[in-house]
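Reader: Could you walk me through this one before I set anything up with it?
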Amino acid sequence: MAEFLINSVGFPEWLAWTVTAVVAAVLILNVIAGGALVFIWAERKIAARIQDRLGPTRTGGRFGWLQSLADGIKLIAKEDLMPEGADGMLFRLAPYVSFCASFCAFIALPFAFDFVGQRLNVGVFFVVAVLGLEVFGVILAGYASASKWSLFGAMREAAQVVSYEVPLGMCVVVPVMLAGSMDLVTIAEKQAGWVTNWYLFHDPFTFVIFWVYVTCAVASVNRAPFDLAEAESELVAGFHTEYSGLRWSYFFMAEYGSMFLVSALAAVLFMGGWNGPIPVARLVGLSEGTGDTANYFVRLLGMANLLGKATLGVLVMMWVRWTLPRLRIDQVMTTCLKYCTPIAAAMFAGAMLWQLMLPGGVAPGLSRPAGEIREGWLEGPGGRSAAARSSAVAGVLP
Amino acid sequence: MSHVADDPRIIEFDVRTDEMLVNMGPQHPSTHGVLRLVLRTDGEVVSEVEPHIGYLHRCAEKIGENLTARQWIPYTDRMDYLAAMNMNLGWALAVEKLMKYQVSEKARHLRVLIAELGRIASHLVGMGAYGLDLGTFSPFLYAFREREKILDLFEEACGARLTYSYITVGGLTADLPPGWLGRCEAFLDQFEPIIKEYHALLTTNAIFVKRTANIGVMSRDLAIEYGCSGPVLRGSGVDQDMRRDGEAIYTAMYDGYAFEVAVMKDGHYPRDHEYPPVPADAVLGDCWHRFFVRMLEVVQSMDLVRQSIDRYSACKGPLGEPLKLAEKIPAGDAYLETEAPKGQMGFYLVSDGSAIPWRVRARSSSFSNLAVAPELCRGCLIADVPAIVGSLDIVMGEIDR
Amino acid sequence: MIPLAAIDWHSVFFFLFAALACGCAVAVVAAENVVRMALYLVLSLGATAGLFFLAGAEFVGAMQLMIYVGGTLVLLVFGVMLTAQAPFVSIKTAPGDRVLAGVIGAALLAVLLQSAFSVPEWRKPAAGRDGEPAATPLGMALLGTRVDEASAGAPGGVRSGYLLPFEIVSVHLLVVLVGAAYLARAKRRRTPRAIEVAASMEPPATVAAHAAVGREGSRGGSVLAGGAR
């Protein structure tokens, strides 16, 4: 984008880079804030439909699509109460800690080939590490609230998140191993082509580990049936019992942001990222270097792909939430330590062996060798080398 | 002494932990009203639960000593407000017992019809709210959707949706409006297949079974010792149902009705309908069984409603008028327990021969059922407390009166 | 308008992160509340991770986030647990300890500064920031192959890498893990107290017993209730 501004619009270089940085930051912020609004609305509608209700119908016309905005205004206008015995500084800080962690992880998430805030060569690692920081806000909130219910919620969250990071990490490592890179962009690029090239269908082990990932991801973002930290029937509202108004809504934005993030991560790691099930762009003859406009179009298509897949993941989480009862804390830990971790470890070993024995993938006749597609995308006719492009992308921070 | 030291239950930790006292309620999402439970917890483990009651005490019994028998009917509504019809019936029958009064045949069948519909409505709330206690929201609304239809029927019959005062001393306040029976049958036909959905969402759901099976196990003896009754008692395998084992004036009401008490006998539940199998983890007397008994009773009550519809429509002649508002009650005393949805609801009255009873007392089933909660909750996890208390299906209005 | 082009953004961010890291480090020492200390420590370590990212060492930065910042999480949890009963207990340091700690800290800082400034290459800014140590060579080196050195034509072919240190560290960590599990496990002891407790309490025994027995505890009812089955 910066290059485009410099070359076509004639901005001076410093302005171009600054504008680019601001646009990127605003876009990411909007994905979370706007996305959270949309998802909260969607959750209300979906919950309502599952429960034989209508959900919001009035605010903003037929489908109540402005309901979240109205709620947001209400929350802003609401008094931010703080318990008398609370630790003021930590109490105020906690929602922002959660929100920032959730927000920061988006920096490394690619939406399409070039649409990435900051391309990191350890993207996966970064996302998982930053996502794990969200729990800090929850613990601080639980501690600072000076409420026993909050404390229970915080301790549950700590135990749960720390435990689930282990199997989650193992699940994430498998695509990394297949792609030979921790760069999210590279991982997604390697799955380009037909749907059979997705790592989900790479071999039986990856297929199983995808579902382990789904379980762990739901648990690590505290969604039902693993929403023990806020378990409303046991802990009143868990860690955010004492929160109200805008501070409370920050926790929710963080939650929905994280939900979207783990879904997007699943899409990138297992479902081809921005590559659709059918390589449309490739079939119609578009490829890197066909021209700036065509390039842009291809990427927009890719972004729609990724957003669609991630949204699908979020919708599944909502479906699960409104269907299943909640597990108990010891059952959650059992699920993690007795089932998810060993299964993930076994699948990891299996995928590794498969890769050694059958490097071509599950059915070499059906799926095109991943490498060939990758070359086609990265170094197509007239295309620049991947290295050159990555250095061009690299600089939101000049 | 050495055998004591070898006791495997005595386990010492290096890390000494402190206990914490936590108030669950009276304002808590899953204490079913204004129950206050004081939990003594060590981490997530609850070592002691102490229920505190009385937040909804309204001196109903004392009020009953200042009103005539029929005037007190609305107060019985407000005891178990989720099964007000059955409360009306209990009091009406107790007074009728003292007066040695017999209602007409038509009124008898109508009472069965209404009481069993009330049982379905009450169990629907109990079932839905139990799902809520375990963290699933949707079954609650499915249950309330069906309950609404029962309330619609009740509203048509007596004009009220929650506190009916329909069944009263000497009969019922009014006969059914025309076409009511058809609508009732239509409801039953529509409701019957839906029960499968409840079984899918709750009874046989893997997480639900994990949360309820082998939790809060109450032995047969414990249940009897604490005076538990209703589904809580039958969930422990005690074969007792006032509709069959009660006093003559009450059992006469169900004379000629075919129903099998929902209790596990010889290792299986009644096989009058198709029910899901008992999961392997479930132990007789645990939360799952208490819940399952309630689900069976919904089906059983539907059968009874169908039977009573037939009998009621076969009855010729008038329904009969209820007694006068200030009918004199002969001197003496009477106590009668009826099978309310939540257990055996007993009413006791002493009369000095005037229209106003000299003493009125009520024996609440929820009270006894709640009393056993501390026993069941000992050593469970915090998450099990709502699961156990929810499986007892208490109503604070009835406990505090 | 400020000439944004004139600003060396790299330096700005460096100073930002450095100030944050140092300031929070001081705050850790100055704070009196355990949980706040842990929070400042998180911020300080997080800012250090930011410095790593700024230097292009993304792998190390992510490592810092994952291990140090994540590890502080456990510290935080302990802080919460230890102070949960009496909220916000403050930890006061004696003035003498402050002086002692200051002296030791200053000495350490002096040593570090001395050794840092004694490296001639570090005295002037590095030529380029695009060193970009990718994760792959690092991983390969830990597994025993120095791909970077091999390609550079190091004498003697491919060097053996860091497999041995890696394994030693792994085994060491495993030992620590096993040791921690051993120390934290529930023990059965024949202390006078246990006997006394056992004597005074018949069935469903002490709270400790309940805690340890965990799920078994709730089955206490069913044990009493053998007849029901």
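Predicted model: local features only at pLDDT ≥ 70, side-chain atom pairs only at ≥ 80, totals over all residues.

Reader: Okay, how do α4(A) and α11(A) pack, at what angle and how far apart are their axes?

Author: Helix α4 (residues 88-105) of chain A packs on helix α11 (residues 245-270) of chain A at an angle of about 25 degrees, and their axes are 8 Å apart. Angles under 35 degrees count as roughly parallel, and α4(A) and α11(A) are therefore roughly parallel to each other.

Reader: And is the crossing of α4(A) and α11(A) left-handed or right-handed?

Author: The crossing of these two helices, α4(A) and α11(A), is left-handed.

Reader: Which residues meet there?

Author: From α4(A) the residues include Pro95(A), Tyr96(A), Phe99(A) and Phe103(A), while those from α11(A) include Arg247(A), Tyr250(A), Phe251(A) and Leu261(A). By class, the contact of α4(A) with α11(A) has 10 nonpolar residues, four polar and one charged.

Reader: Switching topic: how many residues of chain A and chain B are in contact?

Author: On chain A there are 23 residues in contact with 26 residues of chain B. The elements of chain A that give two or more residues to that side are α7 (148-179), α10 (232-235) and α14 (329-357). The chain A side that touches chain B divides into 11 nonpolar, eight charged and four polar residues.

Reader: Last one, what is the secondary structure of chain C?

Author: Chain C has 11 helices and zero strands, and 23% of its 229 residues count as buried. Among its contacts between residues at least 6 apart in sequence, 45% join residues at least 24 apart.

Methods
Residues numbered from 1 in each chain as written. Chains lettered and ligands numbered in written order. Helix = DSSP H or I, 4+ residues; strand = E, 2+ residues; numbered from the N terminus. Buried ≥ 20, exposed ≤ 12 C-beta atoms within 10 Å, placed from the backbone. Contact = placed C-beta atoms within 7 Å. Nonpolar A, V, L, I, M, F, W, Y, C, P; charged D, E, K, R; others polar. Axes fitted to C-alpha atoms, helices over the stretch in contact; angles between N-to-C directions. Parallel < 35°, antiparallel > 145°, perpendicular 65-115°, else oblique. Left-handed = near helix turned anticlockwise from the far one by under 90°.
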